[in-house]
Amino acid sequence: MEKYLGVRYRYKEEQKNDTAEQQARMRNAAQRQDIATTEEVIGNIHADHPELAEELHQMVRAFRFGQLLKLLEGKKSSDDNKK
């Protein structure tokens, strides 16, 4: 199919690898407080998860990289615990 139509099937394993790669890029960018790369990664997930992307954009705009890192590690921030 790919040869004739230019389409390619995406398999679950590839999607998991893409997700893990994006998370690693986001983590590295957040650790360096690299706004441009962090925004680029967020842009990549916007099509599939627009609400999440908007929340992440707000964190980056407010320079809450520590909170972003906690989310990537699966930990709730102290702000989340107060809600």
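1. Let me start at a loop. Gln33 is exposed, with a relative accessible area of 53%. The residue sits in the loop between α2 and α3, and its phi is positive, about 55°, even though Gln33 is not a glycine. Bear in mind while reading that this is a predicted model, so every value below is computed from predicted coordinates.

2. Phe63 is a second case to look at. Its phi is near 55°, again a positive value in a residue other than glycine. Phe63 belongs to the loop between α4 and α5, and with a relative accessible area of 56% it is exposed, because the cut-off for that label is over 50%. Along the chain Phe63 is 33 residues from Ala30, and the C-alpha atoms of the two are separated by 9.5 Å.

3. Now the overall layout. The protein has 6 helices and 0 strands, so the pattern read along the sequence is α-α-α-α-α-α. Of the 83 residues, 23% are buried. The protein exposes about 6500 Å², and carbon and sulfur atoms supply 49% of that area. If you take contacts between residues at least 6 apart in sequence, 29% of them join residues at least 24 apart.

4. What makes up the largest nonpolar core? It has 12 residues: Met26, Ala30, Val41, Ile42, Ile45, Ala53, Leu56, Met59, Val60, Phe65, Leu68 and Leu69.

5. Leu68, in helix α5, counts as buried at 2% relative accessibility, because the label applies under 20%. Leaving aside neighbours within four places in sequence, Leu68 is in contact with Met26, Ala30, Thr38, Leu56, Met59 and Val60. Leu68 and Arg27 are 41 residues apart in sequence, yet their C-alpha atoms are 8.2 Å apart in space. The other member is Val60, which touches Ile35, Thr38, Glu39, Ile42, Phe65 and Leu68, not counting residues up to four places away. Thr38 turns up among the contacts of Leu68 and among those of Val60.

6. On α5 itself, which residues are buried? They are Phe65, Gln67, Leu68 and Leu69. Phe65, Leu68 and Leu69 are also listed in the core.

7. At the start of α3, which residue caps the N-terminal end? Asp34 does, with a side-chain oxygen 3.3 Å from the backbone nitrogen of Ala36. The side chain of Asp34 also makes a polar contact with the side chain of Arg32, at 3.0 Å. Arg32 is in helix α2 and counts as exposed at 52% relative accessibility. Arg32 and Phe65 are 33 residues apart in sequence, with their C-alpha atoms 9.0 Å apart in space.

8. One more polar pair is worth a look. Gln22 lies in helix α2, and its side chain makes a polar contact with the side chain of Asn44 at 3.3 Å. With neighbours within four places in sequence left aside, Gln22 is in contact with Val41 and Asn44.

Key: Residues are numbered from 1 along each chain as its sequence is written. This is a predicted model: local features need pLDDT of at least 70, side-chain atom pairs count only at pLDDT 80 or more; totals for chains, interfaces and linings use all residues. Side-chain values use heavy atoms; hydrogens and water are left out. A nonpolar core is a set of buried Ala, Val, Leu, Ile, Met, Phe, Trp, Tyr and Cys residues joined through side-chain atoms within 4.5 Å. Buried means under 20% relative accessible area, exposed over 50%, partly exposed in between (1.4 Å probe, protein chains only). Contact means heavy atoms within 4.5 Å. A polar contact is a pair of N or O atoms within 3.5 Å; within protein, one must be able to donate a hydrogen and the other to accept it, and residues adjacent in sequence count only if both atoms are side-chain atoms. Helices (H or I, at least four residues) and strands (E, at least two) are DSSP runs, numbered from the N terminus. Accessible areas come from the Shrake-Rupley method with a 1.4 Å probe; for residues, only the protein chains shown count as cover.
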